[in-house]
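I am opening this notebook to record what I looked up in the structure, entry by entry, for a reader who has not seen it before.

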Amino acid sequence: MKIKDICEAERPRERLLSFGPATLSTGELLSILIRTGTAQCNAIDIARGILSECDGSLSRLSGMDIHQLRSIKGIGREKACTLAACFELARRFLSESVGERTTIRDAAAVAGMMVPRMKGLRHEECHIVLLDSSNRVMGTRKISNGGVHSTDLTPGEVMQICLNFRARSFIIVHNHPGGDPHPSKADISATKDVMQAALSCGLTLLDHVIVCDDCYYSFADEKVARV
């Protein structure tokens, strides 16, 4: 059945216009993004297929790349690009939702700020949170993208960003897509290198927080590498 053959009051777009987006199911919202179906199935059927592929998890869906999205029945290049763009906009929105001048008091606050924007990623990323003398957020910067198991952390680049912002201290944040937030030997070694570089520049590395979709690990809390 084509969507135009569905009772008008039950069509996702019409329901959104009449009652607002919050009243729609996840599948119905996806069907609006997909816009059109195929000869075999309508947009709602395709949306259901997408949710089936990711076990109903938007986190898993957000981590799919273009190639993975296109492997789903009914999803071509344009629909895959639309979905990828939607999730990237969501991450950028979340990166703005914790405004500058927010005070960071502990690792939980860091995780609360960074987990939403890194959730669902299937590759590692490394960010730094820049702070003033009162531990208020001056900004955040992504400093590297890595593969599934690693990311580069260059002390010189970190110091340059901190000095450009005139930050007094900073926090390193990176993600572990595998779900285990505990640091590797490479994580600990890289943290020590950045800490030493910070001291030489009159800066303070307050913490290194490793985040997963639903948990985090704090070097400062665990007293690792004497951060």
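**Loop residues with positive phi**

I began with Asp55, which is found in the loop between H3 and helix H4 (58-62); helices here are DSSP runs (H or I, at least four residues), strands are runs of E of at least two, and both are numbered from the N terminus. The model is a predicted one, in which local features need pLDDT of at least 70 and side-chain atom pairs count only at pLDDT 80 or more, while totals for chains, interfaces and linings use all residues. Residues are numbered from 1 along each chain as its sequence is written, and side-chain values use heavy atoms, with hydrogens and water left out.

For Asp55 I noted a phi near 55°, a positive value in a residue other than glycine. Is Asp55 buried or exposed? Asp55 counts as exposed because its relative accessibility is 61%, where buried means under 20% relative accessible area, exposed over 50% and partly exposed in between (1.4 Å probe, protein chains only).

I then turned to Asn135, which lies in the loop between S1 and S2 and has a positive phi of about 60° although it is not a glycine. With a relative accessible area of 26%, Asn135 is partly exposed.

**The chain as a whole**

I wrote down that the protein chain holds 10 helices and 5 strands, and that 43% of its 227 residues count as buried. Among contacts (heavy atoms within 4.5 Å) between residues at least 6 apart in sequence, 59% join residues at least 24 apart.

Two packed helices are described by the angle between their axes and the distance between the axes. Axes are lines fitted to C-alpha atoms, for helices over the stretch in contact, and angles run from 0 to 180 degrees between N-to-C directions.

How do the axes of H2 and H3 cross, and within what distance do they come? The axes of helix H2 (residues 26-34) and helix H3 (residues 43-53) come within 8 Å and cross at roughly 120°. That makes H2 oblique to H3, given that angles under 35 degrees count as roughly parallel, over 145 as roughly antiparallel, 65 to 115 as roughly perpendicular and the rest as oblique. The crossing of H2 and H3 is right-handed, a crossing being right-handed if the near helix is turned clockwise from the far one by less than a right angle, and left-handed if anticlockwise. In H2, Thr26, Gly27, Leu30, Ser31 and Ile34 meet Ala43, Ile44, Ile46, Ala47, Ile50 and Leu51 of H3. I sorted the residues of this contact into 8 nonpolar, 3 polar and no charged, where Ala, Val, Leu, Ile, Met, Phe, Trp, Tyr, Cys and Pro count as nonpolar, Asp, Glu, Lys and Arg as charged, and the others, Gly among them, as polar.

Next I looked at helix H1 (residues 12-19), whose axis comes within 9 Å of that of H2 and crosses it at roughly 110°; H1 and H2 are therefore roughly perpendicular to each other. H1 passes H2 in a left-handed crossing. Pro12, Arg13, Arg15 and Leu16 in H1 meet Glu28, Leu29, Ser31 and Ile32 in H2, and the residues of this contact divide into 4 nonpolar, 1 polar and 3 charged.

Which residues of H2 are buried? I listed Gly27, Glu28, Leu30, Ser31, Ile32 and Ile34. H2 is followed by Arg35, whose phi is positive, near 75°.
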